[in-house]
Amino acid sequence: MALYQNVWIHAEVDCIQDDGKVRFAEGSVVDADVILYCTGYRYHFPFLDLDGLTVDDNRVGPLYKHVFPPKYAPNLSFVGLPVKTIVFQELEQEAKWVAAVLSGRATLPSEEDMMASVRSHYQLMEEAGRPKRHTHALAAQWAEHMNWLADQVGEPPVEPWKCEVFDKVLASILALDEAYRDRWEQEEDGGSSGHQEGIRIRASSIM
């Protein structure tokens with residue numbers, strides 16, 4: 001990795017050998033003094049045993065817009081699965097959508113149409129080479145998804161400054177840029193110092 005002298009990216013771990021060496025899926029082997037597991041969150045619902053609803057490689061599905069399983073909607077919903085988004089605002093919008101559906105203020109498509117949407121989402125992921133475990137990682141689509149939820153419940157779209165802050169923060173995190181908070185005012189985007197300072201204040205308020 002360019003920012004570090006002793007960090008390399010490997011494929012997934014295949015096994016840890018008896019001699020303590022780590023073997024990766026592509027066949028390489030390294031000696032390891034310390035193994036730090038960064039697995040993220042694993043979705044697990046042992047209390048649910050429903051036909052057609054599964055968790056496969058951290059993909060909970062099928063779910064319409066990450067919330068409603070078409071076969072069991074609207075009586076069953078999942079709030080809080082998406083990641084790589086403004087999480088708490090996402091959860092609030094999802095909860096409002098569920099409440100609107102249950103109260104009759106919003107309607108869901110037919111089961112067939114919801115399943116068609118899910119299949120389309122899966123197909124796009126497959127074509128892009130994204131693994132199943134990234135199903136609920138919104139990333140580049142986070143603002144579009146949030147605005148779609150807002151439209152369902154009659155809320156305004158996400159403020160442009162939030163989109164700007166989140167996209168810049170996410171890009172900096174993915175680049176392992178540990179000092180991005182200190183350098184925002186130096187970005188070569190033509191923004192004024194006052195504008196940059198305002199973004200930095202807002203960024204610190206939502207981090």
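This is a predicted model: local features need pLDDT of at least 70, side-chain atom pairs count only at pLDDT 80 or more; totals for chains, interfaces and linings use all residues.

Colleague: How much space lies in the largest pocket?

Modeller: Residues are numbered from 1 along each chain as its sequence is written, and side-chain values use heavy atoms, leaving out hydrogens and water. A pocket is an open set of points on a 1 Å grid over the protein atoms alone, where a 1.4 Å probe fits, with protein on both sides within 12 Å along at least five of seven lines. Here the space in the largest pocket is about 1700 Å³.

Colleague: Which residues are the closest to the centre of the largest pocket?

Modeller: The lining (residues with an atom within 4 Å of a point) has 35 residues. The closest to the centre are L36, Y37, C38, T39 and G40.

Colleague: How far apart are the closest N and O atoms of D56 and K132?

Modeller: These two form a salt bridge, meaning a side-chain nitrogen of Lys or Arg within 4 Å of a carboxyl oxygen of Asp or Glu. D56 and K132 are 76 residues apart in the chain. Their closest N and O atoms are separated by 2.6 Å.

Colleague: Is K162 buried or exposed?

Modeller: K162 pairs with E159 in a salt bridge. Buried means under 20% relative accessible area, exposed over 50%, and partly exposed in between (1.4 Å probe, protein chains only). With a relative accessible area of 16%, K162 is buried.

Note on methods
Grid points are joined across faces, edges and corners, and a volume is the space filled by probe spheres set on the points. Helices (H or I, at least four residues) and strands (E, at least two) are DSSP runs, numbered from the N terminus.
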